[in-house]
Amino acid sequence: MPQTTYVMTKEQASSSRSWWVVDAADKPLGRLASEVAHVLRGKHKPQYTPHEDTGDFVIVVNADKVKLTGGKLDKKFYYHHSGIPGGFTAESYRHLLERNPTFPVEKAVKGMLPKGVLGRQMLTKLKVYATPDHPHAAQKPQALKVK
């Protein structure tokens, strides 16, 4: 009997989505982002299909309390260029967390997802909040353990 490969369709993928909530307080940023990207991509499911968005929704709370190990709060920088000459800016992660506490988590997860249309589609299932409350209680999210 020949082995067959299971390929999930878009309808099957969207019907089997669940919601997860992660508390980012005192979790290292990279480890948290890799676990979240793993679930957004759907690699934790046996029906994982690389070319389909089979992942689940993930809610990250307490994003302002995420931990950066070593001296990364002051030595790691976020770079941005406005596109005009002299428009290069660098901002340390300490100032970035004060200004926009959800951005470092979103940026770290986005970098771990596929580039292109599929990755952007997966990123829409990520919800990041700086406080412990979120407006998704009706979806009954389960707690996701981050190692």
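Here are some questions and answers on this predicted model.

Residues are numbered from 1 along each chain as its sequence is written. Local features need pLDDT of at least 70, side-chain atom pairs count only at pLDDT 80 or more, totals for chains, interfaces and linings use all residues, and side-chain values use heavy atoms, with hydrogens and water left out.

Student: In what order do the strands of the open sheet stand?
Tutor: Strands are DSSP runs of E with at least two residues, and helices are runs of H or I with at least four, numbered from the N terminus. Two strands pair if DSSP finds at least two bridges between them. The open sheet has four strands with parallel pairing, in the order β5-β2-β1-β6.

Student: Which strands are the edge strands?
Tutor: An edge strand here pairs on one side only. That holds for β5 (126-128) and β6 (142-143).

Student: Which residue is the bridge partner of V21 in β2?
Tutor: Strand β1 covers residues 19-23 and pairs with β2 in the parallel sense. Five bridges join β1 and β2. In β2, V21 has as its bridge partner I59.

Student: At what angle does α2 run to β2?
Tutor: Axes are lines fitted to C-alpha atoms, for helices over the stretch in contact, and angles run from 0 to 180 degrees between N-to-C directions. Helix α2 lies across β1, β2 and β5. Its angle to β2 is about 155°.

Student: Are α2 and α5 parallel or oblique to each other?
Tutor: The axes of α2 (residues 29-41) and α5 (residues 103-111) come within 8 Å and cross at roughly 55°. Angles under 35 degrees count as roughly parallel, over 145 as roughly antiparallel, 65 to 115 as roughly perpendicular and the rest as oblique. Therefore α2 and α5 are oblique.

Student: How many nonpolar residues does the contact of α2 with α5 hold?
Tutor: Contact means heavy atoms within 4.5 Å. In α2, L29, L32, A33, V36, A37 and L40 meet P104, V105, A108 and V109 in α5. Ala, Val, Leu, Ile, Met, Phe, Trp, Tyr, Cys and Pro count as nonpolar, Asp, Glu, Lys and Arg as charged, and the others, Gly among them, as polar. The contact has no polar and no charged residues, and the nonpolar ones number ten.

Student: Is L32 buried or exposed?
Tutor: L32 sits in helix α2. Beyond its neighbours within four places in sequence, L32 contacts V22, A24, K27, V60, V66, V105 and V146. Buried means under 20% relative accessible area, exposed over 50%, and partly exposed in between (1.4 Å probe, protein chains only). L32 has a relative accessible area of 0%, so L32 is buried.

Student: How far apart in space are E52 and K10?
Tutor: E52 is in the loop between α2 and β2 (57-61). Leaving aside neighbours within four places in sequence, E52 contacts M8, K10, L118 and M122. E52 and K10 are 42 residues apart in sequence, yet their C-alpha to C-alpha distance is 6.8 Å.

Student: What is the relative accessibility of T102?
Tutor: T102 lies in the loop between α4 (93-99) and α5. Setting aside neighbours within four places in sequence, T102 touches A63, V128, Y129 and A130. T102 counts as buried, because its relative accessibility is 15%.

Student: Which residue in the turn between β3 and β4 has a positive phi?
Tutor: Strands β3 (residues 77-81) and β4 (residues 88-92) pair in the antiparallel sense over five bridges. H81 has F88 as its bridge partner in β4. The two strands form a hairpin with six residues between them. In that turn, the residue with a positive phi, about 105°, is G83.
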